[in-house]
Amino acid sequence: MVALPPPRTTELYYGGQWHDVTGDMRESTPVTITRGVSSEGTRADPASASACLNNRHGKYSPRDPTSELYDVIGRNTPWRVSLTAGGPWAVLPASVGEDCGLITPDSPALTVTGDVDLRVDVALDRWPDGTFFTVGQQLALRYNPTGNQRAWSFNISDNGRLLLGWTTDGTSATLRTVYSTAAVPAYAGQRLALRVTLDVNNGAGGHVVRFYYARTMAGPWQPLGDAVTGTGVTSVFDGTAPLELGSGAAYGQLPDGAAAKNLTGRAYGLQLRNGIDGPLKVDLDISTASPSATSLVDLTGLTWTTRTEATLSNRHVRMEGEVPAWPPERHVSGTDSTVTITPAGIMRRLGAGTKPLDSAVRRYVQASSAIECWPLTDGPEARSGAALRGGQPMVLGAETDPVQWGEGHLADWIEPTLRLSPETVGTLIAAAPESASAATGWSVDFIRAERGVGDHLYIYDRGAGTDAQNRIKYDLYCQSGFNRVQLYREVFSSSASPLEYLGEITAAGIFDDQPHHIRFSISVSGGFSFWKIYLDGIERLSGSHDRITRPVQRIEYDYGLYSEERDDHLSVGYFTYWGSAAPSAADVYRAVLGFPGESAGDRIVRVSTEQGVTIALDGTAAGTTALGVQRQQTLLETLETAAKSDLGYLLERRDARALLYRSRATLYNQSPVITLDYAQGVISAPFRPLDDDKLSRNDVAVKRDGGGRGVAVLEQGRMSVQDPPDGIGRYDVEDTYSLATDEQTEGQAYWRMHLGTYDGLRWPRITLNLANPRVQALIDDILRADVGDLIRLQNLPREYGPGDVDLIIRGYTEEVGAERWQIAFTCEPGAPWRVGIYDSPTLGKADTSGSKLTSAITSTATSIAVTTTAGLPWTTAAGEFPFTITVGGEEMTVTGITGSVSPQVFTVVRSTNGIVKEHAANADVRLARPAVYAL
């Protein structure tokens, strides 16, 4: 058995740094950590832990003035726990030189002069993203400019794109460089495998470079952008340069001369193949080394040395959180004192409040460069409209009729604003603050809803009103009866100037119950003023005149709601004054509408950032669900609404006090992080897979929040709504999600029905005893596994069904102590997340619409007749074989089919999943792994 407890480090953060308090941990009390979704839950709870600290010295009594940590620790003091276990990785610091990384000297094993396939397994402390503070980093290279020993160099640029550089003769004259057409989709600290292949001769007089990424070196590999084809065939220089991981002789710049530094973060391994998917020339897995080593021999016999600034570490952060309370516990005898703490992830604190977030438009303006804004969202007892930036309020003019504060309705998702009643007149006046940002241009916006009659937006600049310095007044006149907006200008100087008509917008389309955004913009250049009017984010009118317009001095909004034909209300708000660097009118209008169509990933990141919460996105925003309107909810409700609509996991990071969103698309077609062989005794009790209906959903309705409804019903088959034994009966459910369009509802319903009609066991608990030596051999994989990753079970007893079982981790509880070290994973079936891939030999084949055995077969028959009962017959094209079918639980590999019409004769290899049996006529015949359309 493994010695317990395993080496662990517990720390508290105070005084600007982490402090080791491991010596005060009560080893007799285990540390427990819970993360993700519980076995009965539907969403991830805040991560939580429990631990016990010795407090005989009174150190952890923050209420005791004599404690050395008095006024130092308290509510939500940061806490983290780490384990030292398993194989190491290389820690590469932010070096100022090239003496970092790992190196192996030149040898014949490094020679690859034709097609190249290079893969690295790394985690960057900060993946370059094009910001001012990021530069390119060295990944791996055989590239020494000294002596013209340039073979190849694999790097990541400052904008996150991968780069391959190579030469044909070692000189810069033959250097070729190719960038990936997309950036690596990674967050700070995320571990990814990166791959580049070079096809030196594509058979058409050119060469092709392809870039990929994956969660592990086992794949599956996702293309990173498009393949890049170059002219002419090529080759790769061999030379005498060593192979370096993380830094090298080319330190300081990329092959094309761009700035670069060594890889800053962690390196786990490297593979170099002779040819694309060819034999391994180099296979470096750093986890095979001793954590204290300064050199290691890789799996292909090469000796690697760590450079001075590189170290090996196997310290895993298992949780970083906050301690919400320090409850003192003294034994009645007075001889002992402890503090049992329950650290939690930041979701606990973020979810403590009940106040909804401000509307999307208010938050957008707050986070922007607006000079001032008057939302007019004041309550019913208000007498003026407060300024968002703290300037002078917007007030009512002297002759203004009574107004309805807090009763205006711009939209359901925007706070109530000011409402103006029929048969009233009045003026709203706001003094604009001075700002240098408006010296060369400015914009004034407002939002209106309902019809109104006639309303004027008057904008006065800061001119003195003299001939030497005119004062200009612009009049934006909205007329509902004519469905138009007109623009007038008046110039004030020593001599009178008549009101001048500048133009109008016909068919304005802003006089209804929807929120409409109106912007008037000025830019000044060369003695001219250039003006534009935007309606709902679209430029509708523009022009210029030969007078200089100065920054805004005053804004007036005049209205008259007298109409002989109807009683027309008018709701207004969000009068906003911008400088020359205003966001686009289109962007502001999107905020007014609540960002409809925004991806779940983008919304989660945007809202978290607006709230000052650090968050990481696992996956690409473009691969997440397009959402509907952002409504007023609490922060966590807003994030969970997006996650629920996308079917991803909203979590905290394990190694930081930050949020993490793992998108739905990252759950598809995963390679297993852990493979558990039941026959090897690696799974402990309790192990109780359940064959029940808890997850069953075969009649699914999805409603779009504020919109339509889609329904998916499984009418036929074992999991259908038919009464038993033809089905399981009806299991119906209806939920509402934030979706951009009604067209999404049907796809959402079918995918959720697909998940709810998987015909397999439920796996609420997979328990692993890490003190078991057989389990300890898997420790690197186990400690890497996190929520959303895939576990594969092999060689299960027959009662659990044939073949391997794939499971998605929903959560886990880990217990580390002097008597026990175990982790229990909560899982859901992983097979439904195996989706179709176009042109894939294993995941790209559509299933039959209906097929059955024409006649009974023995347990050893290798030629079987199959009748198609619905749809097209099976393919006979030679290039489509082999593939796997399933009949009565037995999987068979089809190596060929004869006959183009039903019935057809299949040539098969029997019992590929270990099931040996006879089958009766009319037994159902299906693809074992048919292509499934992903959501």
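User: Which strand supplies the largest share of the lining of the largest cavity?
Analyst: This is a predicted model, so local features need pLDDT of at least 70 and side-chain atom pairs pLDDT 80 or more, while totals for chains, interfaces and linings use all residues. Residues count from 1 along each chain as its sequence is written, and side-chain values use heavy atoms, leaving out hydrogens and water. Strands S3 (31–36) and S22 (311–323) each bring at least two lining residues (strands are DSSP E runs of at least two residues, helices H or I runs of at least four, numbered from the N terminus). With three residues, the biggest contributor is S22.

User: Within what arc do the buried residues of H3 fall?
Analyst: Helix H3 covers residues 585–592, and its buried residues (under 20% relative accessible area, 1.4 Å probe, protein chains only) are Ala585, Val588, Tyr589, Ala591 and Val592. Looking down the H3 axis, they line one face of the helix because their arc, taken from directions from the axis to the C-beta atoms, is within 155 degrees.

User: Which residue just after H3 takes a positive phi?
Analyst: H3's buried residues pack against helix H2 (360–366) and strands including S30 (441–449), with contact meaning heavy atoms within 4.5 Å. Just past the helix, a phi of about 80 degrees belongs to Gly594.

How values were computed. Buried means under 20% relative accessible area, exposed over 50%, partly exposed in between (1.4 Å probe, protein chains only).
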